[in-house]
Amino acid sequence: MIRSSLALIRGLWLSWLQYRSFFFILAFGWLIPPLIYLLVWSTAAGDQAIAGLTRGQFVAYYLVLILVNQATYAQTNWTVGDLIRYGQMNHILLRPIPPLSDALASEFAGKVVYLAFDLPLVALLALILRPELDFHINNGLAFIPALVLAWALRFFWGYWLALLAFWAARADALLALQDSLIFLLAGQVAPIALLPPAMQTLAKILPFRYMVAFPVEVLTGQVDPANLLPGFAIQAAWLAVAVLLSIVLWRSGLRRYTALGG
Amino acid sequence: MKPLRLVAAFMKASFQEEAAYRSNFFISITTSVLNLGTGVLGIVVLFGQIQSLQGWDLPSTLTLLGVYLTVSALRSLFISPSLEALSGMDGEIWSGAFDFTIMRPVDVQFMVSLRKWRWFASFDLLLGLGVLLIAVIQLGITISPAQVIAFVLALFSGVVILYAILLIFAGLIFWSPGVLFTWIFDGLFQMARYPLSMYPGWLRLVLTWIVPVGVITTIPAQAITGALSMQNLALSLGLALVLVVLASAFFRHGLKRYASASS
C-alpha cells in the first residue's frame, strides 16, 4: 500500500514537471482572494481594533489562513468528476490498488508543490506586514488535529459532490457552489466573529467553517477553551457524514458506471 | 467593410458553438450569480463593521464593484476567449495550430483579438450594470447626460487599457511557451474590485504604474459619480491609446519569434 502510493506520487510529480509553472500559477491564483481581504481588513484596523482584532492580528490570521486554505484545498475533487464523465475511470478501476489511493496520492503530491510556492511567499509577506501572533503551545497542539480533520472533511465533502457525476453530467457546478460557500462562511471574507449574526449562525452549523477557519482560529487563539471540544465534535460529525456519503455514492455509482465513451 | 463583416461572422460562429452545449448555460448562470453574490456580500460584511474606509463608503465601493463586474463581463465577452484560444491552456501556440491562423489573409492581431465570442458573458454584463444602477441609486445622486457620456468614454478607455495589458501578457507566450501569463494577470486584476486606497502604498504603486489595473475600474467609477475631471478623462483616453500602440508593437515583435510547435 505504502509502496504503491509512493510510486503514484512520484509518477505524478514526474508528469507535472512538464508544466512546472502551471502549478505555481494555480497556487498564485488561490492566494489572491484571501490576500485581498488581508490587506483590506488590516487597512481598516489601522487606527483602531475591529471587534477586538488589531491590525497585526488580522495579518497573522490571514497569513495562517492562506496556508491552511492551500493545505486543505482538494484539487482532486475537480478531476474525479472529469474521470467519470470521460470514462477514464477504467484504468483506475483495473489497477490492483484501491481507487481512492489515486486521488489521495494526487492530493499529497499537489500539496507539496503548492506549499513549496506558498511558504516563501507567506514568509515574505510576514516580513513586510508584521503579524502579531500570541502563540501558546496548547493552541499549537490543538491546531494539528484540527488541520488534519479540516483537510479530511474538505476532501471527502468534495469527493461525494464529485461522485454525483455518476448521475448528472455537470455536477461540478456544486463544487463551484462549495467554493463560494467556503469563501463566505469559512473565514475568508472575514473572520467568523465579524460576520453579520445570521451568517455567523450558519457558519457555526454548516460544515464549511470546519474546513478552513476552525484550525486558523484555534492557532491564533480565537477559540475559547470551552468551545474547543464542541468545535472538534462538529468537525468530526460532519467528517463522518461526508465519508458515509462518499462510500454510499461510490458503491451505487459504480453499478451505474458504464465507461461512457471509454 | 471587410473587418466588420468578419467580426460578424466570428460572432455568429461562436454563437453556434456555444449553442451546441446547452447544459453549459446552467453552469454559466450559476457561476455568474455566485460571483455576484460573493462580491456584494464581501462589501456588505466589510461595511457592517466600519462606516467608511479611506473615504470610501458602502455605496461608492459598490459602484466600483459594479464597474469591475461590467469590465470583467466585457472582457469575457470577447477579449479573454479570443486571447485564451491563442495563449491559454491547449491554445494555438501550445498545439501549433497557430500555423493555420497566420496563413490567413487577415491581420494576425485583428484575428487573434476578435475571433472568439462568449455570448454567455452578456448575462454578466446585465448583472454588472444592475449592481452599478443599484449603487448609484444608493448614492442618491442625479446623473446628468454629460456624466453618462463621460462614463461611457471612461469605460471604453478602461476596456482598451485592459485589452492592451492582456495582449502584452498573452504575447509573452512567444518567449516562454507553456507559461499561462494571462492567468497571472487574472490574480492582479481581481484586486481592482476594491479601491486602490485600501491597499498598502507599495502595492498601490504597482497597481497604478506597473500593471495599471486600478485605473481600469476607478476612472469609470469616478465618471459616473461626477468626481472625474475632464483632464483625467483625457489622460485615461491618452493612456489607452499609448498602451494599445505599445502592446501592438510588442505583439508584432513577439510574433517574429514564433517557430511553430514541432521541430
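**View 1. No salt bridges turn up where chain B meets chain A.** Across the interface of chain B and chain A in this predicted model, the rule finds zero salt bridges. What it does find there is three residue pairs in polar contact, with both partners at pLDDT 80 or more. On chain B's side of the contact, the residues divide into 22 nonpolar, 10 polar and no charged. A salt bridge needs a Lys or Arg nitrogen and an Asp or Glu carboxyl oxygen, and Asp, Glu, Lys and Arg are the residues that count as charged.

**View 2. Here is how much surface chain B and chain A bury between them.** The size of an interface is often given as the accessible area lost when the parts come together. For chain B and chain A that comes to about 2,800 Å², with 81% of it on carbon and sulfur atoms. Which residues of chain B lose the most area to chain A? They are B:Leu34, B:Val45 and B:Gln49, and together they make up 19% of what that side buries. If you count residues instead, the contact takes 32 from chain B and 34 from chain A.

**View 3. Zoom in on the helices of chain B that touch chain A.** Which of them gives the largest share? That's α2(B), with 11 residues.

View 4. You'll find A:Glu217 in helix α10 of chain A, which covers residues 213-219. Is A:Glu217 buried or exposed? With a relative accessibility of 5%, A:Glu217 counts as buried, because the cut-off for buried is under 20%. The side chain of A:Glu217 makes a polar contact with the side chain of A:Arg209, at 2.7 Å. Leaving aside residues up to four places away in sequence, A:Glu217 touches A:Tyr61, A:Ile192, A:Arg209, A:Gln222 and A:Val223.

**View 5. Now for some aromatic rings.** Over all chains, the count comes to 28 aromatic pairs. One to look at is B:Phe169 with B:Phe185: their ring centres are 5.4 Å apart and their planes sit at 55 degrees, so the pair is tilted. B:Phe169 lies in helix α8 (residues 145-171) of chain B and B:Phe185 in helix α9 of chain B, so the pair ties together parts that are 16 residues apart in sequence. Both B:Phe169 and B:Phe185 are buried. Over in chain A, ring pairs link A:Phe23, A:Trp30, A:Tyr73 and A:Tyr114 into a cluster.

Note on methods. Residues numbered from 1 in each chain as written. Chains lettered and ligands numbered in written order. Predicted model: local features only at pLDDT ≥ 70, side-chain atom pairs only at ≥ 80, totals over all residues. Heavy atoms only, no water. Contact = heavy atoms within 4.5 Å. Buried area = accessible area lost by both parts, 1.4 Å probe. Salt bridge = Lys/Arg side-chain N within 4 Å of Asp/Glu carboxyl O. Polar contact = N/O pair within 3.5 Å; in protein donor to acceptor, adjacent residues only side chain to side chain. Helix = DSSP H or I, 4+ residues; strand = E, 2+ residues; numbered from the N terminus. Buried < 20%, exposed > 50% of the residue type's maximum accessible area, 1.4 Å probe, protein only. Phe/Tyr/Trp six-rings, centres within 6.5 Å; stacked < 30°, edge-to-face > 60°.
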